[in-house]
Amino acid sequence: MHDVSAAHHAPPTSFIRKHVFSLDHKVIGKQYYALALVAVVVGMVLSWLMRIHLAWTNYAIPGLHLLSANGAPGNVMTPEYYLQLMTMHATIMVFFVLTTAPFAAFGNYFLPIQVGAEDMPFPHFNMMSFWVTFVGFLVLMSSFFVADGPTLGGWTQYAPLSAVGAVGGPGQGMGVVLWAASIGIFCIGQLLGSLNFITTTLDMRTRGMSMWRLPLSAWAWFVTSVMGLTAFAVLMPACILLILDHVAGTSFFVPSNLVINDQLQPHSGGSTLLWQHLFWFFGHPEVYIAIVPGLGIVSHVLITNMRKPMLSHRVLVYSMAALAVLSYMVYGHHMFVSGMNPVSSLAFSFPTLIITIPSSIVVLIWLGSLYGSKLRINAASLFALGFISMFISGGVSGFFLAQPSIDIMLHATYFVVGHFHMVMGVAAMFGIFAGTYFWFPKMFGRMMNETLGKIHFWFSFVGAYAIFMPFHYLGLAGNVRRYQAFVDDYLQPLIPVHRFITIAALLTGAAQLIFLFNLFHSRFWGKPATDNPWQATSLEWSTPTTPPPYNNFGDTLPTVYHDPYQYGVESSAGDYLMQVSPEQVKGAQDEA
Amino acid sequence: MGRFVAVTIIVIAIISAIPIVRHTWWMAPDISTHGQPIDDQMSETMAEAGIAFLASQIILALFIWKFSNPKPGDRVKNFPGGAKAMVWAAFLLVGTEVLALGVFGVKAWANIYLTPPAANALPVQVQAGQFAFYFRYPGPDGTFGAAHPEMISEANQNYFGIDSDHDADAKDDIVTAEMAIPVNREVHLLMHSKDVGHSFFVPELRVQQDFVPGLDLTLHFTATKVGRYEIVCTQLCGLGHYNMKAYLSVLSQEDFDGWLKKQAALQ
């Protein structure tokens, strides 16, 4: 435990050190948030373009040719451009939004404060982590501007399509190299970040802050960083091997005797399934990297708004840890019909079914904790409750996809698209929104507009169901994903469903402008916030100023006396007892 | 507002469940001998997942309804069973449910993937390539000619790279762009991709299997109903992926023999 107040770095004085190459974890957290915000806008606009094209295939979208003259001659999207936009949508959302916002942005800002540290142990690595990630984003975006555009191979980049080079189709040459370089760079950023998160949690806790006194959000970031360290460490070399297949004449992922355009390809000795194993060994933990911070954030927000702790702090922590461990044993459920040995499919099926147990425990603990609470309804708690509803809906569809026999019917259909959009897309986004409405006052010293926040919730909650529930129905009817148009006879009756989804997506997307407006307006003109507007207990609410000073707690680091969630007690402050309060009161239950 | 949230959650949960219960959009009717256990598995999973979905959403809504309007003097209460009740419920209810699904599911899967094809199954080769399927029947000699990758040519319509000039086995091979199979006879499908990953999906036949370049995979199935169905690609294979399809005709043995003869004459 860290109990010496050693200044890691003096207060920054120059503009560059303050706002650009800052060493302050709070500035880095906000930079990550800003990056995620830019990325999510790009990703969402791409999804609108895709949705319009799917519902009305030959519709000319005004101005689309400005984005790509080749990709949209006469403003009508070509088949390959649809796939390119789809690949970019997924890559941007998974890596630069769902990983950066809940984990890197909020984690950077609040983990050091919640453990009672003045910063992370390696501020330079932390600064590098953001800027490396930023470069990764620029590299990915640059693929929009190369001759034949970004790669069309999907965010999973299955070999050998991804590894054979330009002969595979538009974007499969330089587009893939830029994609793999971007993701490889992104991995470096997240590895640096994960190292910092782990050491911050283990070594930088202040006096009295035992591991069990960490808030659930801090636990979630810690668990996520352990997953990040192992998952990104596998994806990065996989990306390097993929680049080598393009530029160095190697054949890690391309077998011999491939014939493309009547030309025998100059490759031999590679394995296409090798890529899938490497990718999904990262890819499945990645799903949990996106969602576990949400579990922590939502628990943290809910507890404050329920005015009581969860039924069990420890059971939630153990469940998150169980999810993390199991996430490595289930990855093969993405490969049931991939040609992997059929016995392996069964071996991957059981851990996938078992992972529903810790997930169910988390949901049941939330539900049981709601019982007997004094629930406050505000924008943050609404999104937290919405998260639970989405997590349930997205979770139960996992029962189906965990079974190889059912996967024969649902694999590569819209059922899968509905499943992951609900459980890792919308749920994780709701976690980000809950965190934003909750922590904004601490980050910017101003309150967000609650009325706009609630309106934003209603559109998002109803809209998300209207978009993603029908995806499951399409999947049951056999609607294959990653099609730019539906030409098969049996898909014709499903086109009206696609039109309904597109209209819902456009409306729900437009409602996000309310959030953007609220965010920017409140940043400058919001009502000034007090130090602890939600009457919360954890350390981020006991900083000497709001926003916190550069070293978080002034000259003396705080001393912690209590478990993180002392609510429903009778203290001098009211129905809560802050972690830094030395007061001993009736009803306080300290486990640690 | 809490009560409005509660009502909305319940309304959404019920509306979501209606198309499932009514089978408004559902799997195409099964035409295979192995499909029934898959359909049973789907129905059982749907029932259990459906109950879990509705029950959790309704409990969530009820608790929001009941506890979102606390009166000033109210004190927080704890759930009577505590966390232990929840952990036991998860292990006993969810745990046994998913394990049962898993165990029964093994049978449905093993039926297809862990049984050998019958000795008299009809062998059919399928070659997947950007963006079409081609099929090959061995002809009267019952033997496929060897495939020579360097001879594969769309331009010369030599989709399988067979050397019919020098290879006696290849001389009577029948190559087609449509697949036809006899009803009620097992088919042994020999799958090969010439370029990138593809997949063979026929919803009515309850089969979906990827083509893996560099790896020859097989699949066996029996169709039980005469008709015309679509084979579609489900593995992203490039810009024409959406358009990669072929028709599968399930014919009576007599019609099949006639069809094969006609195709042989066209070679």
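The structure is a predicted model, in which local features need pLDDT of at least 70, side-chain atom pairs count only at pLDDT 80 or more, and totals for chains, interfaces and linings use all residues. Residues are numbered from 1 along each chain as its sequence is written, while chains are lettered from A and ligands numbered from 1 in the order in which they are written. The model scores ipTM 0.97 and pTM 0.96.

Chain A is touched by 90 residues of chain B, which are in contact with 86 residues of chain A; contact requires C-beta atoms, placed from the backbone, to lie within 7 Å. On the chain B side, α1 (2-22), α2 (35-67), α3 (82-113), β7 (207-211) and β9 (227-232) each supply at least two residues. The largest share, 18 residues, comes from α3(B). By residue class, this side of chain B divides into 53 nonpolar, 25 polar and 12 charged residues. Here Ala, Val, Leu, Ile, Met, Phe, Trp, Tyr, Cys and Pro count as nonpolar, Asp, Glu, Lys and Arg as charged, and the others, Gly among them, as polar.

Chain B is divided into domain 1 (2-70 + 80-113) and domain 2 (122-266), with bounds from an automatic or database domain assignment. The centres of the two domains, taken over C-alpha atoms, are separated by 39 Å. Each domain gives 10 residues to the contact between them. Those of domain 1 divide into 5 nonpolar, 4 polar and 1 charged.

Helices (H or I, at least four residues) and strands (E, at least two) are DSSP runs, numbered from the N terminus. Strand β7(B) is largely enclosed by the rest of the structure, because 5 of its 5 residues are buried (20 or more other C-beta atoms within 10 Å of the residue's own, with C-beta atoms placed from the backbone). Val207(B), Gln209(B) and Phe211(B) lie on one side of β7(B), and Gln208(B) and Asp210(B) on the other. Strand β6 (residues 198-202) of chain B runs antiparallel to β7(B) and is joined to it by 5 bridges; pairing requires at least two DSSP bridges. His198(B) has Phe211(B) as its bridge partner. The hairpin has 4 residues between the strands, and Arg206(B) takes a positive phi near 55 degrees.

In chain A, helix α4 (residues 79-97) has 19 residues and reaches 26 Å from its first C-alpha to its last, close to the 27 Å expected at 1.5 Å a residue. The expected span is 1.5 Å times one less than the number of residues. Of the 19 residues of α4(A), 18 are buried, so the helix is largely enclosed by the rest of the structure.

Conventions:
A residue is buried if 20 or more other C-beta atoms lie within 10 Å of its own, exposed if 12 or fewer, and partly exposed in between; C-beta atoms are placed from the backbone. Two residues are in contact if their C-beta atoms, placed from the backbone, lie within 7 Å.
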